[in-house]
Amino acid sequence: MLSLILHGRRSVELQKWRSLRVATVSIVQNAIALTNSFSSATAGDVSTTTFTVSYLVESLGLTTRLAESISRKVSFEDKANADSVLKLLRSHGFKDSQISTIVRYYPELLVTDAEKSLRPKLQILQSRGASSSEVTEIVTKVPAILGKKGEKSISLYYDFIKGIMQGGESSSKYLLCHSLAEGKRQNKMRNILVLKELGVPHKLLFSLLISSSQPVYGKGKFEGTLKKVVDMGFDPAKAKFVEALRVVYEMSDKTIEEKVNVYKRLGLSEVEIWAIFKKWPFFLKFSENKIVQTFETLKKCGLVKEEVLSVLKTRPQCIRASEKKILDSIQTFLDLGFSRDEFKLMVMRYPNCTAYSAEMMKKKFEVLVKKMNWPLEALVLLPAVLGYSLEKRIVPRCNVIKALMSKGLIGSENPPISSVLVCTDQIFLNRYVMKHNKLVPKLMAIFTRDHVS
């Protein structure tokens, strides 16, 4: 695939992995086996989902949005089992921040039997000679280890993860000398060590370790794929490196060239296509029908060909949105009072505004326009504010501004929306909170509230 090389650039030396000699390597057995002891709520069981969300927010301090996301994976009606799991983890030295991380990436843990399943697994980890801090660190980094079954499997998994975390020649020799893996598993461990030598961070290595996807299997194909990705200039320390590895590994040279030709027919140059690929590797994963459909649907937003191409170059992720979602977003914005020309401008300035649900847009509109009285024109000029978190940014800051206005401390008119929302928390607090010495405690309390009064 000549275009991968012609439009790439070599930025990382391959000598490290070419000279790495790896013999047999230990591999954890089987892909992650999720416990079967949990029960998920049905789609229509609203009360169960609501209970789960409330529990996650109150017990672990998660945001409502994150709790809702987790509740779509596991739900429960009673807190007894989840309480037992949290109590057991805390008794083994896990901090609440670590537990929150574990639940975020392995929510099934909350519906695991604490005594029959979780406790024995923690005991197995401790039997490996691990200190309490080592156990908490490794489980927090790779929560899926608690989804493994059997002492042998858990032990192998733990030893390999610990070896990678420790690094150095001694740990590599340990992994080589204690190999129980063959075939694909052996290749997987060898390839992960190759990526480790290249500088891929532990977090990304572990995601590949527990993934059932293919990019670290095989030998020849892996090496060929790795060379292409490195030659294109992807930085091994960044997540996009692994994304590119997945995309290139899973697609043949012929398929990639066909996708490139589709984009070229729509008006993008080959240089532009690879520049977009560097920004978002999954750009080449979509079918020709999907690519063309999205292109035509964006035209229905009022954009001409050159404007659609500009949107794709600026925000290629918008290609994921379905035709229905984009068309629904048009109607949502029209219902909120925006004109078609205004919506077109918003899409040009912030293409991702087509990706949000009608419910979320209405909630943000309620706060920004109806509660705060910012004009529609402010959102047209700065549509990126619609991408800010309602809970973490919009509502807390609007609470403070309303409080200051009620006391006549910043005049009777709203400050510019950009002054309030387009800045870091620290800048906002310095600008609107810290200068009011006696009111700082009260304003900080308002800043942490969950709703606009």
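## Helices and the overall chain

Helices (H or I, at least four residues) and strands (E, at least two) are DSSP runs, numbered from the N terminus. By that rule the chain has 26 helices and zero strands. This is a predicted model, in which local features need pLDDT of at least 70 and side-chain atom pairs count only at pLDDT 80 or more, while totals for chains, interfaces and linings use all residues. Residues are numbered from 1 along each chain as its sequence is written, and side-chain values use heavy atoms, with hydrogens and water left out.

Of the 453 residues of the chain, 48% count as buried, where buried means under 20% relative accessible area, exposed means over 50%, and partly exposed lies in between (1.4 Å probe, protein chains only). The accessible surface of the chain comes to about 21,800 Å², and carbon and sulfur atoms hold 51% of that area; such areas come from the Shrake-Rupley method with a 1.4 Å probe, and for residues only the protein chains shown count as cover. Among contacts (heavy atoms within 4.5 Å) between residues at least 6 apart in sequence, 74% join residues at least 24 apart.

## Helix α18 and its neighbours

Helix α18 spans residues 305–314, and within this helix Glu307, Val308, Leu309, Val311 and Leu312 are buried. The buried residues of α18 pack against α15 (253–266), α16 (270–279), α17 (288–299) and α20 (340–349). As a general point, an α-helix has 3.6 residues a turn, so residues three or four places apart point the same way.

## Salt bridges between parts of the chain

A salt bridge is a side-chain nitrogen of Lys or Arg within 4 Å of a carboxyl oxygen of Asp or Glu, and by this rule the count comes to 15 salt bridges. One of them joins Glu323 to Lys300, with the closest N and O atoms 3.2 Å apart. Glu323 lies in helix α19 (residues 323–335) and Lys300 in the loop between α17 and α18, so the pair ties together parts that are 23 residues apart in sequence. Glu323 is partly exposed at 27% relative accessibility, and Lys300 is also partly exposed, with a relative accessible area of 45%.

Glu307 forms a salt bridge with Lys344 at 3.5 Å, N to O. This pair links distant parts of the chain, since Glu307 is in helix α18 and Lys344 is in helix α20, 37 residues apart. Asp425 and Arg397 meet in a salt bridge at 2.7 Å, N to O, and that pair links helix α25 (residues 425–432), which holds Asp425, with helix α23 (residues 390–406), which holds Arg397, 28 residues apart. Asp425 is partly exposed at 38% relative accessibility, whereas Arg397 is buried, with a relative accessible area of 1%.

## Features at the surface

Arg65 lies in helix α4 (residues 64–71) and, at 56% relative accessibility, counts as exposed. Ser54, in helix α3 (residues 46–60), is partly exposed, with a relative accessible area of 31%. The C-alpha atoms of Ser54 and Glu68 are separated by 9.1 Å, and these residues are 14 residues apart along the chain.

Asn373 is found in the loop between α21 (358–371) and α22 (376–381). Although Asn373 is not a glycine, this residue has a positive phi of about 65°, and at 60% relative accessibility Asn373 counts as exposed.
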